[in-house]
Amino acid sequence: MIIGYTAGVYDLFHVGHLNLLKNAKGMCDKLIVGVTTDDLVTYKGKHAMIPFEDRLEIVRSIKYVDAAVPQSDMDKLTMCKKLGASYLFVGDDWYGTEKWKNYEKEFEEAGIKIIYFPYTKGVSSTLINKALGQIRDNPKTAIKREHILLKEE
């Protein structure tokens with residue numbers, strides 16, 4: 001059985017997340033997904049909008065995901081070894097960076113291949129948060145409540 005692993009915050013779940021999970025599941029028999037704990041989210045200098053337990057349940061419920069586990073540190077190699085993963089799936093924004101070139105060597109020595117998937121263009125939790133912030137900060141541009149509610153006939 002081929003086990004694959006990927007990890008992320010999965011805050012404000014969007015189609016880019018879904019694409020990554022769908023593509024990853026297509027390359028393995030069992031896909032295990034690490035969901036970054038709230039404490040670890042601070043590594044990006046951010047705070048998750050959605051609490052960890054909710055994010056974990058959302059990811060766990062995706063049909064491409066066989067199991068969801070907490071990712072409480074940055075050590076994906078140890079997690080892959082612990083889970084018996086043959087593949088680590090990540091977004092291609094990391095490809096070619098010095099840090100990930102070093103990771104590739106470490107993972108290869110452990111018999112684990114890193115697979116890079118293209119980012120879904122035009123969507124990210126960061127962009128969604130930025131858009132929400134602009135709406136919050138400039139209510140004149142916000143959609144009026146009556147435009148989004150269904151009116152009873």
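1. At 18% relative accessibility, L12 counts as buried, where buried means under 20% relative accessible area, exposed means over 50%, and partly exposed covers what lies in between (1.4 Å probe, protein chains only). L12 sits in the loop between β1 and α1, and its phi is positive, at about 50 degrees, although L12 is not a glycine. Helices and strands in this note are DSSP runs numbered from the N terminus, helices being H or I over at least four residues and strands being E over at least two.

2. This is a predicted model, in which local features need pLDDT of at least 70 and side-chain atom pairs count only at pLDDT 80 or more, while totals for chains, interfaces and linings use all residues. Residues are numbered from 1 along each chain as its sequence is written, and side-chain values use heavy atoms, with hydrogens and water left out.

3. Y10 belongs to the loop between β1 and α1 (15–25), and its phi, near 55 degrees, is a positive value in a residue other than glycine. Most residues other than glycine have a negative phi. Y10 counts as buried because its relative accessibility is 4%.

4. The strands form an open sheet of 5 in the order β3-β2-β1-β4-β5, with parallel pairing; two strands are said to pair if DSSP finds at least two bridges between them. The edge strands are β3 and β5, each of which pairs on one side only. From one strand to the next, the twist averages 30 degrees, with axes taken as lines fitted to C-alpha atoms (for helices, over the stretch in contact) and angles running from 0 to 180 degrees between N-to-C directions.

5. β2 and β3 pair in the parallel sense over 5 bridges, with G34 partnered by V69 in β3. β4 and strand β5 (residues 113–117) also pair in the parallel sense, over 5 bridges, and here the bridge partner of F89 is I115 in β5. The chain crosses from β4 through helix α5 (residues 98–109) to β5 in a β-α-β crossover that is right-handed, meaning that, with the strands pointing away from the viewer, the path from the first strand over the helix to the second runs clockwise.

6. Why is strand β4 described as largely enclosed by the rest of the structure? The reason is that 4 of the 5 residues of β4 (residues 87–91) are buried. Helix α4 (residues 76–83) lies across β1, β2, β3 and β4 and runs at about 145 degrees to β1, whereas α5 lies across β4 and β5, running at about 140 degrees to β5.

7. In α3, the residues F52, R55, L56 and V59 are buried. They cover an arc of only 100 degrees around the axis, which puts them on the same side of α3; the arc is that of the directions from the helix axis to the C-beta atoms. Among the elements that cover these buried residues are β2 (30–36), α2 and β3, contact being defined as heavy atoms within 4.5 Å.

8. Side chains of opposite charge can pair when their charged atoms come close. Counting a salt bridge as a side-chain nitrogen of Lys or Arg within 4 Å of a carboxyl oxygen of Asp or Glu, the model has 3 salt bridges. K25 forms one with D66, the closest N and O atoms being 2.6 Å apart; this pair links distant parts of the chain, with K25 in helix α1 and D66 in the loop between α3 (52–60) and β3 (67–71), 41 residues apart. K25 is partly exposed at 22% relative accessibility, and D66 is partly exposed at 41%.

9. D38 forms a salt bridge with R55, with 2.6 Å between the closest N and O atoms. D38 lies in helix α2 (residues 38–41) and R55 in helix α3, so this pair ties together parts that are 17 residues apart in sequence. D38 is partly exposed, at 37% relative accessible area, whereas R55 is buried, at 0%.

10. The salt bridge between E57 and R60 has its closest N and O atoms 3.2 Å apart, and both residues lie in helix α3, 3 residues apart, about one turn of the helix. E57 is partly exposed, with a relative accessible area of 41%, and R60 is partly exposed at 39%.
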